[in-house]
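Here is a short report on one protein model.

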Amino acid sequence: MVPRIAMKPLLMTMIFFKVLGLFACSSQPDYQQAKSLPAIKAPAGSSDDRLGQLYVVPQQQVVSVNQDGVPFPPSVGVQDDANIASLQTLNQQFWVLNAKSPASTWSQLLSFFQARNIDVPAKDLSRAEIDTGWFQQALQPGFVARYRLRLERGLQPDTTEIFIGNETRTVAERDSATPMPADAIIGDRAHGLWFANELVRALNNPNAKIRDSFLASTIQLPEKVRLATLDQESVMYINLDKPRLDNAIGKALDQKGLRPYATDSQQGVYYFDEYDSDQGESRWWNPLSWNVTFSDQQAQQSPFTLDEILTHLPNEPAINALFPDVSSRQAGKALTRLEGYLLVKREQQGRTTLYIRDAYGRPLSLNRGRQLLDTIRLRLI
C-alpha cells in the first residue's frame, strides 16, 4: 500500500502532464485548417455495375401474431431451395420469378448477358429496365432479336418478377429499326419462351457468385402486397390485374391447411376454411412449388352453399358496409352452425382491398384477421 504522503507528488505529476497535453492541442491549430478532399472517382471508361453492396439495410417486415396474440418470427415466403427461379405462365402471359432482391437480380441479368456476349446498350435504373442489342442465337438464319427486361417486385419479400418483351427482325431490317417502344411486348412468343427458359437455367446456376449491384440498390419498385389496419380491421392491399389476382387467390386457398368451398366471382367473395395439417408440418411455404395442390383433402363440405350464406347475412352495420345490398336480402332468417371464413375482394382507390370475415360476414379480431391474411399472403404467387 502506497503511503498517503507519497500519493500527493504522483497526483500532481499526472495533472501536470494532462494540462500539458491540452495546451499542446490548443497551440497546434493546423487541424482546424484542414480542407475536405474531393470524392474519389472511377477512371474514365470503367464500370461500377459490379461493385458490391457493403452494408445491406434489411427491409422492415410486419410481425404477424397467432390467434392468442403471440408474435410469429418475421414472415419468409421463400425458403432455401435448389431452384430460386421459375417460369410462370398465365393465359398468354409469362414471366420469370426470381427468389432474390431486385438488386441481386439486376446483377444476375448483367452477368447473364455478359457471359453470352450480348450487348446491353440501355439500362434504366429508374424504370428497372434493361434493353439488349440484336443477337441471332436460337433464331433461323437471317433473323435477329432484341429484348427488353422489366423488373417488378414479387408478391413475396425479396423476390423479383422479370417481364420480357422482344422484337424479331431480319438482318436487312435491323439497321433501319427504330428504338424499342416504351410498351414493348412479346413479338415472338416461341423465342421469348426459349429466352425465358435459358434465363431460368442461368439464375438457378449454383456456381454463379453474384453480389448485389451498388447502383441497383437504388432501385425503388412499388410493393404489390401489404398488410394493414383499416377501421380497426386487418386488411390486405394488393396490386394485380384481375386475371392474375383471381388466379393467385385461388391457388393460395387451395394449399395444405386451407380448404376452399366456393367462389362468387360477381360478388368477389371466396368461402374457405382451415383444417389441421399433419403434425410437424412447417408453417413456411415455398411459392415456387405452388403447383402442388391438396384438393384430395376437401371431402368435408360446408352444410350451406355460398349463395345461401350471402343471401342470409345478418343486417348489421359492419356487414352492411361491406355488402351494401344486404338489406334487400333475407337477413331476417339467420343461418346456424356456420363455419369457415369469407375472403372479400373490394376495389378501392385504384387498388384491391382484401377483407377477412367469419362465415356470417362479421369482422374478426385484429390479431386473428392478420394471422389468416398473413397465411394467405405467404402463398401468393
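## Sheet, helices and confidence

Strand 1 and strand 2 (residues 93-98) run antiparallel and are joined by 6 bridges. Leucine 90 stands opposite glutamine 93 of strand 2. Two strands count as paired if DSSP finds at least two bridges between them. Strands (E, at least two residues) and helices (H or I, at least four) are DSSP runs, numbered from the N terminus.

This is a predicted model: local features need pLDDT of at least 70, side-chain atom pairs count only at pLDDT 80 or more, and totals for chains, interfaces and linings use all residues. Residues are numbered from 1 along each chain as its sequence is written, and side-chain values use heavy atoms, with hydrogens and water left out.

The open sheet has 6 strands in the order 1-2-6-5-4-3, with antiparallel pairing. Its edge strands are strand 1 (85-90) and strand 3 (122-124), each pairing on one side only. From one strand to the next, the twist averages 20 degrees.

Angles run from 0 to 180 degrees between N-to-C directions, with axes fitted as lines to C-alpha atoms, for helices over the stretch in contact.

| Helix | Strands touched | Angle between directions |
|---|---|---|
| Helix 2 (residues 102-115) | strand 2, strand 3, strand 4 (129-131), strand 5 (143-153), strand 6 (160-170) | about 165 degrees with strand 5 |
| Helix 5 (residues 242-253) | strand 1, strand 2, strand 6 | about 115 degrees with strand 1 |

Helix 8 is mostly covered, with 10 of its 12 residues buried. Among them are Leu372, Leu373 and Ile376, and also Arg368, Arg370 and Asp374. Buried means under 20% relative accessible area with a 1.4 Å probe, protein chains only.

The protein chain holds 8 helices and 12 strands. Of its 381 residues, 42% are buried.

pLDDT is the predictor's confidence in each residue, from 0 to 100. Its mean for the protein chain is 78, and 67% of the residues reach 70 or more.

Definitions and conventions. Buried means under 20% relative accessible area, exposed over 50%, partly exposed in between (1.4 Å probe, protein chains only). Contact means heavy atoms within 4.5 Å.
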